[in-house]
Amino acid sequence: MDMVNVMNSLILMGKGMTAIFVVTIVIFLIVTLLIKFTPNNSKSDK
Amino acid sequence: MDFLIQGITAITWQQVLMWGIGGLLIYLAICKDLEPALLLPMGFGAILVNIPFSGVLHQTLVGIGDVNGIIEWLFEVGIEAAEVLPLLLFIGIGAMIDFGPLLSNPKLFLFGAAAQFGIFVTVVFASMLGFDFKDAVSIGIIGAADGPTSLLVSQVLKSNYIGTIAVVAYSYMALVPIIQPIAIKLVTTKKERRIKMPYNPKSVSQTTRVLFPIVVSIIAGLVAPASVALVGFLMFGNLIRECGVLKSLSETAQKEFANIITLVLGITISATMRAESMISVQTLMIMGLGLLAFVFDTISGVLVAKIFNLFLKEKINPMIGGAGISAFPMSARVVQKLGLEEDKHNFLLMHAIGTNVSGQIASVIAGGVILSLVPTLIR
C-alpha cells in the first residue's frame, strides 16, 4: 500500500466533497432566488 | 495454405474467455433488457476485438505496413482525442432531462451532492488495494453512476482500465434495481420507509428554466474549470430543450442524435476490451470496488436525508436521498417501488425524480471537480 496515494485520496475526498457541496449550495440559493423573483405566469408551465 | 489456420492457431484462452464475456453482455442486453443500447454493442465489439489479427484493430501487415482498424480508429478519434463521443452524448442527455421536479423543490440538490460520497470512499479503498492514484480515481468515478462521466474521467486521467471501468459502470447502472434496495434497507427502518411526502410543486417559470442551465454552467465552471466541458454540454442540451424555440433540434438531440452517439460509443468502447488488458485480478477488484461505490453513494444520500429530518418539521422520506445517484430513472423507480412496498399509498416518485436529476448534475460536477483536483495532487 502506497501511503502517499492513500493520503492523496483522503485529501481528494475532503476537497472534492467540499467543492461539490459549495457548487450545489450556490446553485440551490440562486435557484431559490430565481423562483422567488421570476413568478410563473403560464399555467401550462407548472 | 497456412494462412487458413493462422487465426485458429493464434487463439488464446483469454480471447475465448472474452468471447464468453461478450456473449454474456449480449445475453444481458437481449434477455434481461439491461442497458441494451450499450451492452449489446459493447458485447459484440468485445468479440470482434478479440479475434486474432482482427481487422477492427490496427495491424501491421507484412509487405504492406500499418493498416488502420475501424474500432481502434473510432476510439482514437471519438474518445482519446477529445472525448468527443461521451461529451456529445451529454447534449442528448441534457435535452432529455426535465429539471422541473428539482427546480420546484431546490433542497433536493443537496441529496445529489451527498450521493457522490461513494466516489471518494472508493478512491480511498482502491488506493489501499495498491492501485496507482490516477487509476484509483478512475475506478472511484464508477460511483458517479454515469457512464459518459466515468469514461471521460478515466480517459483524461489515462487510466489503464478504461474498458473495465466502462463495462463495470454500465453493468452496475443496469443493476441499480438489485443493488439499491439492499443498501437502502440496510440504513432505514420500516417506519422511515413509510414516511409520506405530499407533492405540492412550486410553479417554475420559463425564465427560471432557461436561466438554470446557464447559471449552473457558470458556477460549476468557476469553481471547477475542468467541469466546463461536462457540465456545459449537459446544460447546452437542456437549454435547447427549455428555450422553447428549438423544438425540432431538441427532439433530434433526445432521439436520433443520442441514439447514433450511443450506438457508436458502445462499439467504440469495446476497443479497450482486449483480452490482454481485461483478464486480470484487477478486473475482479474493480468489479468489487464499483459495487462498493454504488452502495456508499446510496447510503450517504439516505444518511444525509436522515440528518435533514433532525431539523425539519415536515419529515422527508430518507429513501429519496438514495435516489441522488445519476442512474436515471432507475434509481427514482427503485425508491417509488420501495415506498409502495411499505405502504400502497406512499407515492414518492416525483420527489425521487427530483433527487435523481440533481444526482445527474452533481455527478458531472463531481467529474469536473476531480479533473480539476487530481493534477494538483500528483504534482
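Two residues are taken to be in contact when their C-beta atoms, placed from the backbone, lie within 7 Å. The model looked at here is a predicted one, in which local features need pLDDT of at least 70 and side-chain atom pairs count only at pLDDT 80 or more, while totals for chains, interfaces and linings use all residues. Residues are numbered from 1 along each chain as its sequence is written, and chains are lettered from A, with ligands numbered from 1, in the order in which they are written.

Setting aside neighbours within four places in sequence, B:Gln254 is in contact with B:Gly92, B:Ala95 and B:Met96. This glutamine sits in helix α16 (residues 247–269) of chain B; helices here are DSSP runs of H or I with at least four residues, strands are runs of E with at least two, and both are numbered from the N terminus. B:Gln254 has 20 other C-beta atoms within 10 Å and so is buried. The cut-offs are 20 or more such atoms for buried, 12 or fewer for exposed, and anything in between for partly exposed, again with C-beta atoms placed from the backbone.

Next comes helix α12 (residues 176–187) of chain B. Its 12 residues should span 16 Å at 1.5 Å a residue, and the end C-alpha atoms are 17 Å apart, which agrees; the expected span is 1.5 Å times one less than the number of residues. B:Val176, B:Ile179, B:Gln180, B:Ala183 and B:Ile184 are the buried residues of α12(B). Seen down the helix axis, they fall within an arc of 120°, so they line one face of α12(B); the arc is that of the directions from the axis to the C-beta atoms. Turned away from that buried side are the exposed residues B:Ile178, B:Ile182 and B:Leu186. The cover over the buried residues of α12(B) includes α11 (162–174), α18 (281–311), α19 (319–322) and α20 (330–342) of chain B.

Helix packing shows up elsewhere in chain B. The axes of α10 (residues 147–156) and α21 of chain B come within 10 Å and cross at roughly 5°, where axes are lines fitted to C-alpha atoms, for helices over the stretch in contact, and angles run from 0 to 180 degrees between N-to-C directions. That makes α10(B) roughly parallel to α21(B), a label given to angles under 35 degrees. On the α10(B) side the contact is made by B:Thr149, B:Leu152, B:Val153 and B:Val156, and on the α21(B) side by B:Ser363, B:Val364, B:Gly367, B:Ile370 and B:Leu371.

A few backbone details stand apart. Most residues other than glycine have a negative phi, and most peptide bonds are trans. B:Phe53, however, has a positive phi of about 55°, and B:Phe53 counts as exposed with 10 C-beta neighbours inside 10 Å. B:Lys158, in the loop between α10 and α11 of chain B, also has a positive phi, near 55°. A cis peptide bond, with omega about 0°, joins B:Phe328 and B:Pro329, and B:Pro329 is found in the loop between α19 and α20 of chain B.

Finally, there is the other chain. Chain A has one helix and zero strands, and 26% of its 46 residues count as buried. The contact between the chains takes 40 residues from chain B and 32 residues from chain A. On the chain B side, α14(B) gives the most, with 10 residues.

Note on methods:
Parallel < 35°, antiparallel > 145°, perpendicular 65-115°, else oblique.
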